[in-house]
Amino acid sequence: MMKVTVIAVGKLKEAYLRDACAEYIKRLGAYAKVNIVEINEYRCCDNPSAAEIAAVLEKEGEAIAAKIPKGAYVVPLCIEGKQLSSEAFSQQLETAALSGTSELVFIIGGSFGMDEKVKQLGSLRLSFGKITLPHQLMRVVLLEQIYRAFSIANHTKFHK
């Protein structure tokens, strides 16, 4: 069975977001073992300098990199990443699985984004468009799209 790990900076604070994630994790259980790894979000002052932001990104990046299993197919979510349709995303995950990868790792950065060193670890940089989503909401969107991708690959009725 495929393993899916979502590494996310920050914790889900709102109950409705936790409930939505739990629902998609439950649904994904038919296709994969899902693991959520939360990385502490580093804080800085209200008007941080570029150097302070870089320091936060570096600290978060080190914590993220430490949690990535060896041999995993790594997908950092970043605005400059590749935009895919749900069908193309499903095909990308199938291709990764057929290449012998048994673990998919998706990475959601914090409020300042993601360290470039983490992005460079990616097999695929993925974007869900040019809009900015709160990273907590992004977790729900990502889990839904992963579930949709597995549903497409397995020809179920969820994807229309």
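Author: Histidine 155 is exposed, because its relative accessibility is 72% (exposed means over 50% relative accessible area, buried under 20%, and partly exposed in between, with a 1.4 Å probe and protein chains only). Histidine 155 belongs to the segment after α5 (helices, H or I of at least four residues, and strands, E of at least two, are DSSP runs numbered from the N terminus). This is a predicted model, in which local features need pLDDT of at least 70 and side-chain atom pairs count only at pLDDT 80 or more, while totals for chains, interfaces and linings use all residues. Residues are numbered from 1 along each chain as its sequence is written, and side-chain values use heavy atoms, with hydrogens and water left out.

Reader: What is the phi of histidine 155?

Author: Most residues other than glycine have a negative phi. Histidine 155 has a positive value, near 55 degrees.

Reader: How is an aromatic pair described?

Author: One gives the distance of the ring centres and the angle of the planes. Rings of Phe, Tyr and Trp (its six-membered ring) pair if their centres lie within 6.5 Å; planes under 30 degrees apart are stacked, over 60 edge-to-face, and the rest tilted. The whole structure contains 5 aromatic pairs. In one of them, tyrosine 31 and tyrosine 147 are tilted, because their planes stand at 45 degrees, with the centres 6.2 Å apart. This pair links distant parts of the chain, 116 residues apart: tyrosine 31 is in the loop between α1 (15-28) and β2 (32-39), and tyrosine 147 is in helix α5 (residues 135-153). Both tyrosine 31 and tyrosine 147 are buried.

Reader: Which kind of pair do phenylalanine 89 and phenylalanine 106 form?

Author: Phenylalanine 89 and phenylalanine 106 are edge-to-face, at 6.1 Å centre to centre and 65 degrees between the planes. The partners are 17 residues apart, phenylalanine 89 in helix α3 (residues 86-98) and phenylalanine 106 in strand β4 (residues 103-108). Phenylalanine 89 counts as buried because its relative accessibility is 2%; for phenylalanine 106 the value is 0%, so this residue is buried as well. Elsewhere, ring pairs join Tyr24, Tyr31, Tyr147 and Phe150 into a cluster.

Reader: Which residues have the most contacts inside the largest nonpolar core?

Author: A nonpolar core is a set of buried Ala, Val, Leu, Ile, Met, Phe, Trp, Tyr and Cys residues joined through side-chain atoms within 4.5 Å. The largest one here has 31 residues, and Val4, Leu104, Phe106, Leu142, Ile146 and Phe150 have the most contacts inside it. At least two residues each come from β1 (2-9), α1, β2, β3 (73-83), α3, β4 and α5, with α5 giving the most, 8 residues. A second, separate core has 12 residues, including Ile7, Ile64, Ala72 and Ile107.

Reader: How do the axes of α1 and α5 cross?

Author: Axes are lines fitted to C-alpha atoms, for helices over the stretch in contact, and angles run from 0 to 180 degrees between N-to-C directions. The axes of α1 and α5 come within 9 Å and cross at roughly 20 degrees. The two helices α1 and α5 are therefore roughly parallel (under 35 degrees; over 145 is roughly antiparallel, 65 to 115 roughly perpendicular, and the rest oblique). Among the residues that meet are Leu17 and Tyr24 in α1, and Leu143 and Tyr147 in α5 (contact means heavy atoms within 4.5 Å).
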